[in-house]
Amino acid sequence: MRRPIVAANWKMHLGRVDQALALVRRIRLPLGRVEGVDVVLCPPFTVLASLAEVIGSKGVALGAQNMHWDDHGAQTGEISPSMLVGLCRYVIIGHSERRASGGSAESDGAVNRKVISALTHGLTPIICVGEDAARNEAGETDVFVGGQVRAALDGLSADDVGRVVLAYEPIWAIGTGRSATPAAANRTIALAVRGTIALGFGEAVAGAVRVQYGGSVNAQNIAGFMAMPEIDGALVGGASLQPEFVDLVTRAVAAR
Ligand code: PGA
């Protein structure tokens with residue numbers, strides 16, 4: 001049985017300590033009381049350390065929104081995995097908003113290097129994959145998403161694959177209010193995500209990996225996704241910026 005995991009991707013919001021604390025002080029205790037789910041808050045880097053102090057080690061976990069694969073060096077403006085260790089347990093890798101403008105720093109190969117580096121440092125990568133509207137309409141979703149999954153996990157051991165989290169996020173559904181249908185997301189996760197993992201690492205690993213859906217998830221539609229057998233949780237953007245995120249997490253668990 002895979003444990004559900006709901007992650008909040010704050011993106012470039014609530015990045016001042018006062019803003020972040022205002023939300024976290026309201027949601028921390030109620031979120032910590034919801035049992036049977038891993039909850040991860042991924043705020044901007046600027047507030048990770050402050051939130052780590054407030055949140056402590058119980059209940060809610062923290063994640064970063066990106067990292068470099070190198071440990072240190074002449075990389076102006078980058079954040080390394082060893083800087084994150086001790087501040088957070090998770091790190092989002094390969095979000096489509098970064099892939100879209102990141103060039104070689106966010107290529108499939110770079111995503112793979114980040115995944116390996118995160119695991120080496122004991123961080124859990126939340127690896128984002130997903131097709132754009134044109135590929136979706138052309139019927140290329142499975143091939144494209146499968147390719148992203150294969151590239152991201154290239155060279156990993158089966159044990160390591162068992163430690164990652166994947167997030168299937170169709171680009172056309174992100175921030176648009178137009179989510180995928182639960183059935184379509186479930187199908188893509190079964191065929192393109194788990195199917196690709198099964199080919200490379202075996203059925204047991206494919207069945208053990210946790211896979212989220214992301215793209216316009218909110219408290220009203222989360223139950224539909226969680227009712228699907230292949231979907232283990234959600235990566236939530238806009239709806240994670242309000243105290244109602246607690247309702248979303250509560251409903252996610254209830255629908256399981
Ligand atoms: P959204 O963002 O929930 O605002 O669509 C999801 C994401 O980008 O991870």
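Modeller: Ground rule before we start: helices here are DSSP runs of H or I with at least four residues, strands are runs of E with at least two, and both are numbered from the N terminus. This is a predicted model, where local features need pLDDT of at least 70 and side-chain atom pairs count only at pLDDT 80 or more, while totals for chains, interfaces and linings use all residues. Residues are numbered from 1 along each chain as its sequence is written, and side-chain values use heavy atoms, with hydrogens and water left out.

Biologist: Fine. Where is K11 placed?

Modeller: K11 sits in the loop between β1 and α1. Its phi is near 55°, a positive value in a residue that isn't glycine. L14 lies in the loop between β1 and α1 too, and has a positive phi of about 55° without being a glycine.

Biologist: Which residues are closest to the ligand?

Modeller: Count a residue if one of its heavy atoms lies within 4 Å. Here 13 residues surround the ligand, and K11, H95, E169, G175 and S216 are the closest. For polar contacts, look for N or O pairs within 3.5 Å. A polar backbone atom of G175 is 2.7 Å from a ligand oxygen, and a backbone N or O atom of G238 is 2.9 Å from a ligand oxygen. From the side chain of N9, an N or O atom is 3.4 Å from an oxygen of the ligand.

Biologist: Now helix α12: which of its residues are buried?

Modeller: Buried means under 20% relative accessible area, exposed over 50%, partly exposed in between, using a 1.4 Å probe and protein chains only. In α12 (residues 245-254), F245, V246, L248, V249 and A252 are buried. They share one side of the helix because they cover an arc of only 160° around the axis, taking directions from the axis to the C-beta atoms. The buried residues of α12 pack, with heavy atoms within 4.5 Å, against β1 (5-9), α1 (17-33), β2 (38-42), α11 (222-226) and β8 (233-236).

Biologist: And how many residues does the largest nonpolar core have?

Modeller: A core joins buried Ala, Val, Leu, Ile, Met, Phe, Trp, Tyr and Cys residues through side-chain atoms within 4.5 Å. The largest has 69 residues, with L31, L41 and F245 among those with the most contacts inside it. A second, separate core of 12 residues includes I5, C42, I92 and L235.

How values were computed:
Polar contact = N/O pair within 3.5 Å; in protein donor to acceptor, adjacent residues only side chain to side chain.
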